[in-house]
Each structure stands twice: as C-alpha cells, then as structure tokens.
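Subject: Structure for you to look at

Hello,

Here is the structure I said I would pass on. Please open it beside this message and follow the notes below.

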Amino acid sequence: MRTLLSVVAIGVGVTMILTLAGVSRGMLNGMAERSRGTGADIMIQPPDSSVIGFTGTMSEKFVDLVRKQDHVALATGTLMQPVHFLDYVTGIHLDEFSAITGGLHYLEGGPFRDPSDLLVDEIYARAHNLHAGDMVDMGHKWRVCGVIEQGKLSRAFADLGSLQDLFSSTGKISVVWLKLDDPANIPTVKAALEQKLEGYKIVPMDEVVSLFSVDNVPYLKPFTRVVIALAAFFGFLMVSLSMYTAVLERTREIGILKALGASPGYIVGLLLRETVVLAVAGTVVGIAMTYGTREIMAVFVPNMPQAIVPDWYPVAAAIAVGGSLIGAVYPGLKAANQDAIEALAYD
Amino acid sequence: MTEVEIHGLTKVYHTGDVDVQALRGIDLLVERGEFVAVVGPSGSGKSTLFHILGGLTPPTAGTVAIEGQDLTKMSDAQRTALRKNKVGFVFQKYNLLPTLTAADNIEIARDIAGNRGRPPDAQFEEALKLLDIQARLNHKPRALSGGEQQRVAIARAIVNRPALLLADEPTGNLDTRNSDAVLTLLRHLNKRLGQTILMITHNPEAAAFADRIVHMRDGRVVDPPPEA
C-alpha cells in the first residue's frame, strides 16, 4: 500500500507537469487548426501587428484593393476584438467569411439578424453552457443567434460592422484573408502584394500555422514557463515529501539492515535503487493519468484542450526521478547514520 | 579456545544531565562452541551487554574481544564489519524485512556480507534442514507463523557462519510449543554444528537449554566468573 501511494504521489506530480504543458500545446494547436479552418491561402496584417496575436488594425479599404490582385479569388476582412482574458469576438462579413471558409455549419440557430447577435462555436457553447437564443455578457450583452461547428478561425463571431461600431473601430479590420484561384500562385501573389503594401505582413497560411508555437505567442512563453516551473516545483515537493515519509516509515527496516552489518553506503544505495524504480513506475502512472486529465478537461473545460506531449515525458521523468532521489537522499542518509538500537526500537 | 572475552566492561548512558550506569564492570569468558544463557531481570544490563557484543553500541570502558578482535578500539565502520562477518542476531520480534520473502531475507544477509550468488556451504544446508523451513522459503513474513519467522531469523543469523550467535529473548513472542522448538533448534545448532551462542533471557526454562547460565543484576554478573 505504501509503495502504491508513493507511486501515485509521484504520478500526480508527473501528471501535473504534463497536463500544464499539454494544455499550452493544446490551445496553440487549436488556434493553428482554426487558422487553417479559414480556408485562406494568404493572410495580410498591418505592419505593427503580431503575426499570430492578431493585434493592430488597418483600413477595411485594403480588402477591395487586394481583391483586384491577379489570382485572388476571394478576400474578406476580419476584426479581432479582445473582450475578456483569452476571449476574442471576431467581426466578420458573414457572406464573405462563409464563402472563403467553405460555409459555416449551424448546429443550432442561424445567421446574424440583429447587431447584437453573436455566433459561437460548439466548444464555446459547451464551455459556457450556451444555446441559440441565450444572452451572454462579454462586456456587451450579446444574443446567441447560432451555434456553429468548431474550427473556423474563432470561437465567437459578430457582424463586422456591429463590432466596429461597438468598439469605436469603424472601418477598421485586423486581418485580410485571401483565397487564391490556385495555391500554386501563393509565391507570385505574395511577391506582388509585398511590392504594393510595403511593410505589411503578407504571410502564406502554411507559415502562419507553423508559427503557432509557445515561442511565438506574446506572453505565452514566459507564462508557460512560469506555470510549468510551478508545476515542476510542486511536483518535486510532492515527490520529495512522499519519499521522505516512505523512508521515515522504514526506519525499523533500516535498523534491521544495520544489525545485519549493512554500511550507510549500502543502505543509501538500496534506498536509491528502490526510489528510482518507484520514480519510473510513478512516471508511467503519471503519463497514463494525463489521458484521464485530457478526458476530464474535455468535459469540464472544453475550451482548454489538452494535447498529449510525448516530448515532455523525458522532462517529467527527470523531475520525478530527481525529486524522488533528493527526497530520499536526506532521510536515507539520516536513517542510515542513526543509532541502530534506536532504529530497531522504531515502531 | 575462547570465543568471547570480556574484562571490566562498563557502559554509561548519558541521558540529559544524568549518567545511567548500565554495566558496572562485567567479566565473562565464552568458549568456542559454548551455549551460554544470560539471565536477569529488567534493568540488569543484559540487553546492553547484547548490544555491545553485537557492535551496536561501543563500551565506555573495559575490553571486549570476539575471536581476539577488541571491540573497544573499533570505529563505527569496523563495528559494522564485525556485525557483517562475526556476529549474527536473533531478536525477540524476529525483525524480518516485511517486503521480502523468507529466502530473500536470508539472501540479503549474504548480500551484505558480499556472498550473494555463492552457493551456501554444506553446513548451512544442514542448518536449513534442522530449521525445517525449506517449504516456507518463498513466503513473506506475514504468511509465516511466529515460530516459522523465528526459524527464518535464525537461518539469516547463521548464513554467514558467524563466530557468535546473539539471541535476545528469542522465545519472548512465542507460545510454549514454538518456544521449545526454537530452543531445541538453537541447541541442535550448537551441538551439531558447533555454533557459539549467547542467549539473553529472563526465562529460567529457556535458560535451561544452555550449557551454562550467567546471572546478571544491576549491571553486574552475580555468579562467580569462569576462570580466566
């Protein structure tokens, strides 16, 4: 039982690390998938914009300008309006956006009919328990007019004109999305637009998707590092305390080993070997438990998808083994050097 | 030939500002192959004598030698080596490692002594037959009766062929039937294999299995000591 508890305690630390790393990765993967879901071939942003932060604005007139470019089949502008921490409402021209994405699939309700109408995707609806007809307060009271299938750029959409008016951004957009007549023309169109729109960011979508990594999202890298460092620290503490307790509980056994003539080195070596076995077993259990946390997150926090992150397994294993060893060394040394008679009398 | 030689052995425990004199000048000789019982009431110092002879605690004064090696001059590491090679312990509470099988409890003593993997000698095989535990070797302590656990503990104590087997109230946790069996086994080990045994007990019936009984009281041997 004690061994099992130690393995589970180590496993919980490992799960904590892998879950946090997985959520960071999962959210980025989701953003990349949704960007790909626009169906566009090229994205244009103003010069001061972050490529995947969708910050900065430009005139809506750019849409008409680029629409005239050779090989451009469809073009539409969107406005990304932050409303809450990590929550955006994306302003769209519904017809243009539907055309470029290949159509929105309505699970409930239908298109905008009123300036305060909001379309949400199924994940947002599940996370906030929303249905068509419900009201939602996102700094402004919106009426959910429809729930659409996920995967189309954003989780919440409003009519572009309404959003611009609401946030005093009349005539402003964040991004222009271009669909070309043939993806083979991407380099040609990109080169032509770069000449016309000097300083603007003209990025093929494959490149945009590849940019969705922790390194490229403003604030996410330090945020992720801090969160993972905290997880690693608490995981380490959990593992160390678990091993400390486990070794203390074995004081009498250590006394027996001393009576048999075991040296402090032999006892510490034995404890450390057992600790490594426990830590490896705990790592395996912790990895297995991340599949459980992924399912739990999907049910209770669906807008924070958790990715499985095998590249983090060695890091989590190193923290588990290192934490266990450090947790075991001090009480192990203490126990190995304590008086054998006292150790034998320990109950 | 003398196996254990003790002269003027004194042990003082310092408890806070108080000094407790546990042994007050013990003289004792134990011959090789002898089975000696040390009998005395609680507080007579017999457990302290057991701990000093086993190298678990150093004496305060006097000399203690096992096979000519003086324990009073030994460092902690040397006393650890003494426990590994020269002394075997049998405790009242058996003190088997609960997570290991009976066989592994014996094997770990061999491992500590650096004998892992070497085949046990013929004498130990004979001892195992005497102990009659072959059929229980793959069981963990919790699956063994008290008598079986104590027989495993005896096997562990003698597996490295110690010069001296120290038994501290070996029948203290056993019923009469198992007590007799364990004491008979100790006597057989002594008589058939020549194992030197020093047994601590407060039970006169258990002491009667020994060749010689040494009485202790208030940190002293109260019998006339054997000739030096």
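A residue counts as buried if 20 or more other C-beta atoms lie within 10 Å of its own. Leu153(A) has 26 other C-beta atoms within 10 Å, so Leu153(A) is buried. Bear in mind throughout that this is a predicted model.

Leu153(A) is found in the loop between E8 and strand E9 (156-159) of chain A. Its phi is positive, about 70°, although Leu153(A) is not a glycine. Tyr94(B) is not a glycine, yet has a positive phi of about 70°. Tyr94(B) lies in the loop between E6 and H3 of chain B. Is Tyr94(B) buried or exposed? With 23 other C-beta atoms within 10 Å, Tyr94(B) is buried.

Next, strand E8 of chain A. Cys145(A) lies in this strand, which covers residues 141-148. Cys145(A) is buried because 24 other C-beta atoms lie within 10 Å. Which residues does Cys145(A) touch, leaving aside its neighbours within four places in sequence? Its contacts are Gly109(A), Gly110(A), Pro111(A), Phe112(A), Arg113(A), Asp117(A), Leu118(A), Leu119(A) and Ala132(A). From Cys145(A) to Leu180(A) there are 35 residues in sequence and 31 Å in space, C-alpha to C-alpha.

Chain A as a whole is divided into two parts: domain 1 (2-27 + 219-345) and domain 2 (47-199). Taken over C-alpha atoms, the centres of domain 1 and domain 2 of chain A are separated by 46 Å.

Now the helix pairs. Two packed helices are described by the angle between their axes and the distance between the axes. In chain A, the pair is helix H10 (residues 264-300) and helix H11 (residues 313-337), whose axes come within 8 Å and cross at roughly 150°. Angles over 145 degrees count as roughly antiparallel, so H10(A) is roughly antiparallel to H11(A). The crossing of H10(A) and H11(A) is right-handed. By class, the contact of H10(A) with H11(A) has 18 nonpolar and 7 polar residues, and no charged residues.

In chain B, the axes of helix H4 (residues 122-131) and helix H6 (residues 176-193) come within 10 Å and cross at roughly 150°. That angle makes H4(B) roughly antiparallel to H6(B). The crossing of H4(B) and H6(B) is right-handed. H4(B) brings Gln123(B), Glu126(B), Ala127(B), Leu130(B) and Leu131(B) to the contact, and H6(B) brings Leu185(B), His188(B), Leu189(B) and Leu193(B). By class, the contact of H4(B) with H6(B) has 6 nonpolar, 2 polar and 1 charged residues.

Last, the place where the chains touch. How many residues of chain A are in contact with chain B? There are 11 residues of chain A in contact with 13 residues of chain B. On the side of chain A, H9 and helix H12 (340-345) are the elements that give two or more residues. By class, that side of chain A has 8 nonpolar, 2 polar and 1 charged residues.

In H2(B), residues 76-85, the buried residues are Arg79(B), Thr80(B), Leu82(B), Arg83(B) and Lys84(B).

Regards

Technical notes:
Residues numbered from 1 in each chain as written. Chains lettered and ligands numbered in written order. Predicted model: local features only at pLDDT ≥ 70, side-chain atom pairs only at ≥ 80, totals over all residues. Helix = DSSP H or I, 4+ residues; strand = E, 2+ residues; numbered from the N terminus. Buried ≥ 20, exposed ≤ 12 C-beta atoms within 10 Å, placed from the backbone. Contact = placed C-beta atoms within 7 Å. Axes fitted to C-alpha atoms, helices over the stretch in contact; angles between N-to-C directions. Parallel < 35°, antiparallel > 145°, perpendicular 65-115°, else oblique. Left-handed = near helix turned anticlockwise from the far one by under 90°. Nonpolar A, V, L, I, M, F, W, Y, C, P; charged D, E, K, R; others polar. Domains from an automatic or database assignment.
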